[in-house]
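Please open the structure in your viewer and keep the selection tool at hand.

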Amino acid sequence: MTRHADVVVVGGGQAGLAAGYHLRRLGLDFVILDAQAEAGGAWRHTWESLHLFSPAAYSSLPGWPMPPQAGEAYPDARHVVGYLTEYERRYGLAVHRPVRVLGVHRDGARLRVETDSGTWRARAVVSATGTWWRPFLPAVPGRSAFRGRQLHTVGYRSPRDFAGLGVPPAGGWGSVFVVGGGNSGAQIAADLAHDTELTWVTQRPPRFLADDIDGRALFDAATARRRALFDAATARRRALDEGRTDTGGVASLGDIVAVPPVREARDAGLLTASPMFVRLDRDGVVRADGTRAPADAVIWCTGFRPALSHLAPLGLRGRRGHIPTTGTRAVDEPRLHLLGYGDWTGPASATLIGVGRPARDAARDIAVLLEDGG
Ligand code: FAD
C-alpha cells in the first residue's frame with residue numbers, strides 16, 4: 001500500500017522532532033518515520049555516565065525549554081530521553097515506529113520513500129537520521145589481527161564491562177586503550193581511569209577548553225559565527241567544497257569540554273594522553289618507536305559519519321560523504337533537506353539547542369516549495 005504525505009521526515013531523534021515542531025506550526029501535512037521502537041534517538045544508546053556538556057536551559061528544542069534535572073547541573077542522557085519523549089507527546093508529533101527508511105527515490109513530481117513497512121509518496125523529504133548509526137573506525141594496520149576486545153564509542157556502556165578482563169583467574173580490570181582526543185574519548189577515558197589500567201591515546205595533544213567554558217560558549221561561538229557567515233557564506237562554502245579546513249568554527253576554542261568527571265580525572269593525573277600507536281598485533285599495540293604494549297581491549301572513540309545510505313538512490317553524494325547543501329536544502333534536489341548532521345547543515349545543528357533554527361529554515365523553505373506547487 002502506498003500512503004501520501006506532503007512531507008516525510010526520516011528520523012525521529014531531536015532533529016526530526018525539531019523539524020516536526022516547525023512543520024506543524026506552519027500547518028503542513030507531514031509524518032515522521034523512525035527506525036527505533038521508542039523515542040530518544042541516539043540518546044537511548046549512550047554510555048551510562050554520559051552527561052550533557054550544557055545545562056538544561058542551553059539544551060532545549062524549539063518551543064519547550066528542557067526542565068532542569070534535580071541534583072544535576074548537567075542533565076544525563078536518561079533525562080534527555082525523557083525530555084524527547086515528552087516533547088513528542090506535548091506537540092502531538094505523530095512518529096511512526098519502528099519504521100526504517102530503506103531508500104528515497106525520485107518518482108516524477110514526487111519523492112518515493114521506501115520503508116520496511118510500506119511506501120510513502122511525498123512532495124518533500126527531511127532527512128534527520130543522525131550519525132550514531134555510522135561509527136567511523138580508522139584503518140589502523142593489524143586491527144583484524146588483534147585478539148583482544150575491540151569496540152567503538154557506540155558499544156561502550158560502563159567500566160563494569162571491563163571487569164574480569166585482566167589477570168586470570170581472579171579477573172582484574174585489564175589494560176584498556178582508549179583512542180581519540182575528542183569529547184567521547186576524554187569522557188570514556190575518564191570513566192575508565194579509576195578501574196582499569198588505562199592508556200589514552202590521541203593523534204595530537206588533547207586540547208581542553210578552559211574549565212569555565214561549557215556547551216553554552218560553544219553555542220554562542222556558533223551563533224556569532226552564524227552571523228559572520230551570513231556575510232561570508234559563499235566563501236566558506238567554497239572553502240569546504242575544496243576540502244580546506246574551516247577554522248572559524250567552535251573547534252577554534254578547543255576540542256574537549258572539561259565536564260566534571262573529565263576535570264576530576266585530569267586533575268588527579270589520570271588523564272594524560274600518549275601519542276597514537278602505529279599498529280596493532282595479536283596481543284596489543286606497537287608504538288612508533290617499535291616498542292610493544294599489551295592490551296586487553298581497544299575502544300575506538302574515533303567519530304561518526306552521517307547516516308545517509310537511504311539517500312543513495314538520489315545520487316547526490318559530494319565530497320567527504322556529505323551531500324552539497326545550501327543551508328539545509330540539497331543543492332541538486334530542492335525537495336530534500338538535511339538536518340542535524342553537523343555544521344555543514346547549519347552551525348551547531350548537531351546539538352539540542354542548535355537544531356531549532358535550521359529546522360525552522362527548512363520548514364519555511366518547504367512551505368514555499370509547496371505553495372509554489374512543488
Ligand atoms: P539521532 O539522535 O541519531 O536520531 C536519528 C534517528 O533517526 C534515530 O532514532 C535513528 O534510529 C533514526 N534513523 C536512522 N536511520 C534511519 C532510517 N534509515 N530510517 C528511519 N529512521 C532512521 N549535543 C548537545 O546538544 N549536548 C551534548 O551534551 C551532546 N553530547 C553528545 C555526546 C555524544 C557522545 C554524542 C555522540 C553526541 C552529543 N551531542 C550533544 C550531539 C547531538 O545532540 C546528538 O548526536 C544527537 O543525538 C543528534 O540528534 P539527531 O536527531 O540528529 O540524531
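A residue is called buried when its relative accessible area is under 20%, exposed when that area is over 50%, and partly exposed in between. The model on display is a predicted one.

**Stop 1: a bridge across the chain**

Select E333 and R106, whose side chains meet in a salt bridge with 2.8 Å from N to O. The two partners belong to distant parts of the chain: E333 lies in strand β17 (residues 333–338) and R106 in strand β4 (residues 101–107), 227 residues apart. Is E333 buried or exposed? With a relative accessible area of 3%, E333 is under the 20% limit and is therefore buried. R106, in contrast, has a relative accessible area of 40% and is partly exposed.

**Stop 2: further salt bridges**

How many salt bridges does the model contain by the rule applied here? The count comes to 21. Select R112 and E114 as another example; their closest N and O atoms are 2.7 Å apart. R112 has a relative accessible area of 23% and is partly exposed; E114, at 24%, is partly exposed as well.

Next, select D361 and R360, which form a salt bridge whose closest N and O atoms are 3.3 Å apart. D361 counts as partly exposed at 30% relative accessibility, and R360 counts as partly exposed at 28%. Now select D107, R112, E114 and R121 together: salt bridges with shared partners join these residues into one network.

**Stop 3: a patch of positive charge**

Select R134, R305, R317 and R320. These residues gather on the surface in a patch of positive charge. Where is R134 placed? R134 is found in the loop between β6 (118–127) and β7 (149–152). Its relative accessibility is 34%, so R134 counts as partly exposed.

**Stop 4: a covered strand**

Select strand β8 (residues 175–179). This strand is mostly covered, as 5 of its 5 residues are buried. From β8, the residues S175, F177 and V179 point one way, while V176 and V178 point the other way; all are buried.

Which residue of β9 is the bridge partner of F177? The partner is T199.

**Stop 5**

Strands of a sheet pair through backbone hydrogen bonds, and the pairing may be parallel or antiparallel. Select β11, β12 and β13, the 3 strands of an open sheet that follow that order and pair in an antiparallel manner. Which strands lie at the edges? They are β11 (279–280) and β13 (292–294), each of which pairs on one side only.

Within this sheet, look at strand β12 (residues 284–286), which is joined to β13 by 3 bridges, the two strands running antiparallel. Select G284 to see that P294 of β13 stands opposite.

**Stop 6: two residues brought into view together**

Finally, select T326 in strand β15 (residues 325–326). T326 has a relative accessible area of 41% and is partly exposed.

Definitions and conventions
Residues are numbered from 1 along each chain as its sequence is written. This is a predicted model: local features need pLDDT of at least 70, side-chain atom pairs count only at pLDDT 80 or more; totals for chains, interfaces and linings use all residues. Side-chain values use heavy atoms; hydrogens and water are left out. Patches are made of residues with over 30% relative accessible area and no salt bridge: like charges are joined within 9 Å, nonpolar side chains (Val, Leu, Ile, Met, Phe, Trp, Tyr) within 5 Å. Accessible areas come from the Shrake-Rupley method with a 1.4 Å probe; for residues, only the protein chains shown count as cover. A salt bridge is a side-chain nitrogen of Lys or Arg within 4 Å of a carboxyl oxygen of Asp or Glu. Lys and Arg count as positive and Asp and Glu as negative; His and the chain ends are not counted. The place of a charge is taken as NZ of Lys, CZ of Arg, CG of Asp or CD of Glu. Helices (H or I, at least four residues) and strands (E, at least two) are DSSP runs, numbered from the N terminus. Buried means under 20% relative accessible area, exposed over 50%, partly exposed in between (1.4 Å probe, protein chains only). Two strands pair if DSSP finds at least two bridges between them.
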